[in-house]
Amino acid sequence: MARQERVVRELLGTHGRTYADEAGIRLKNTPQPLYRLLVLSHLLSARIRGSIALATARALHEAGLRDPRRMAAADWQERVDALGRGGYRRYDERTATQLGDAAELLNERWGGDLRRLRREADGEVSELRRLLQEFPGMGPAGSGIFLREVQGVWPEAAPCLDGKALQGAERLKLPKDPERLAELAGGTGPAVLAAALVRAAVDEEIAEDTLRRAG
């Protein structure tokens, strides 16, 4: 087995899990998990540790703020409190406002269903990205995270290995060509591969440990 294949095998064996899965989201093409992924993508896009964003996504779910109707109906302090329980304190007040406004937009424009946004994009990934960025707080980073994670259920987004995933590939001395990376990953889905590469990009120890185990 070539060394690059060993590196990918070691990375996926230890870190081959999507962020949605880690947040407890059983992602499928239905309204609630897609909405929860949108919120997670918003949280992960801030300059805050990924573990805090994941904990906060779980805290929002536990508080019942798991769909856009409930998010919009909650008062601002309820959202602030749930964000705080997850440890999302640096951005809690601004994010509480953005989550409420984004939920209202989703309800009013797409009936609370991101699949309608998908239909509006009509298979164009650039349009998907643009529409996602209409949500308050969802800039290029947030839309990129959403597309990276959703590509397993929205195949038109695949293969989505964004700049952060390709930084991970570079750190692991892997090719930065998405097609070649997909070949090295074998049958592993692109969302899992992308998440594993992102973990190597944001955590130097993960990259070093993977390279060491690959020999």
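**View 1. K173 sits in the loop between α11 and α12 (178-184).** This is a predicted model, so local features need a pLDDT of at least 70 and side-chain atom pairs count only at pLDDT 80 or more, while totals for chains, interfaces and linings use all residues. Residues are numbered from 1 along each chain as its sequence is written, and side-chain values use heavy atoms, with hydrogens and water left out. Helices are DSSP runs (H or I, at least four residues) numbered from the N terminus. K173 isn't a glycine, yet its phi is positive, at about 60°. K173 is also exposed, with 59% relative accessibility; exposed here is over 50% relative accessible area, buried is under 20% and partly exposed is in between (1.4 Å probe, protein chains only).

**View 2. D122 is another residue to check for its phi, which is near 55°.** That's a positive value, and D122 is no glycine. Most residues other than glycine have a negative phi, and most peptide bonds are trans. Look for D122 in the loop between α8 and α9. Is D122 buried or exposed? At 65% relative accessibility, D122 counts as exposed.

View 3. On the α8 side, the contact (heavy atoms within 4.5 Å) uses L117, R118, E120 and A121. From α9 come E127, L128, L131 and L132. Sorted by type, the residues of this α8–α9 contact are five nonpolar, no polar and three charged. Ala, Val, Leu, Ile, Met, Phe, Trp, Tyr, Cys and Pro count as nonpolar, Asp, Glu, Lys and Arg as charged, and the others, Gly among them, as polar.

**View 4. Helix α6 (residues 76-85) packs on helix α7 (residues 92-110) at an angle of about 125°.** Here the axes are 9 Å apart, and α6 and α7 are therefore oblique to each other. Which residues make the contact? α6 puts in W76, R79, V80 and L83, and α7 answers with D92, E93, T95, A96, T97, L99 and G100.

**View 5. G86 is in the loop between α6 and α7.** With 10% relative accessibility, G86 counts as buried. Leaving aside neighbours within four places in sequence, G86 touches I52, A55, T56 and A59. S51 is 35 residues away from G86 in sequence, but their C-alpha atoms are 9.5 Å apart in space.

**View 6. α3 meets helix α10 (residues 140-150) at an angle of about 135°.** The two axes are 8 Å apart, and α3 and α10 are therefore oblique to each other. L34, L37, L38, S41 and L44 of α3 make the contact with G142, I145, F146, E149 and V150 of α10. Seven of these α3–α10 contact residues are nonpolar, two polar and one charged.

**View 7. Past α10, the loop that leads on to α11 (163-171) holds G152 and P159.** G152 is exposed, with a relative accessible area of 61%. V192 is 40 residues from G152 along the chain, and their C-alpha atoms are separated by 8.7 Å. As for P159, a cis peptide bond joins A158 to this proline, with omega at about -10°.

**View 8. The largest nonpolar core has 72 residues.** Such a core is a set of buried Ala, Val, Leu, Ile, Met, Phe, Trp, Tyr and Cys residues joined through side-chain atoms within 4.5 Å. F135, F146 and L197 touch the most other members. Which helix gives the largest share of this core? That's α3 (residues 31-44), with eight residues. For F135, leaving aside neighbours within four places in sequence, the contacts are L38, A102, L105, L106, W110, L114 and L117. In soluble globular proteins, nonpolar side chains tend to be buried together.

Key
Helix = DSSP H or I, 4+ residues; strand = E, 2+ residues; numbered from the N terminus. Axes fitted to C-alpha atoms, helices over the stretch in contact; angles between N-to-C directions. Parallel < 35°, antiparallel > 145°, perpendicular 65-115°, else oblique.
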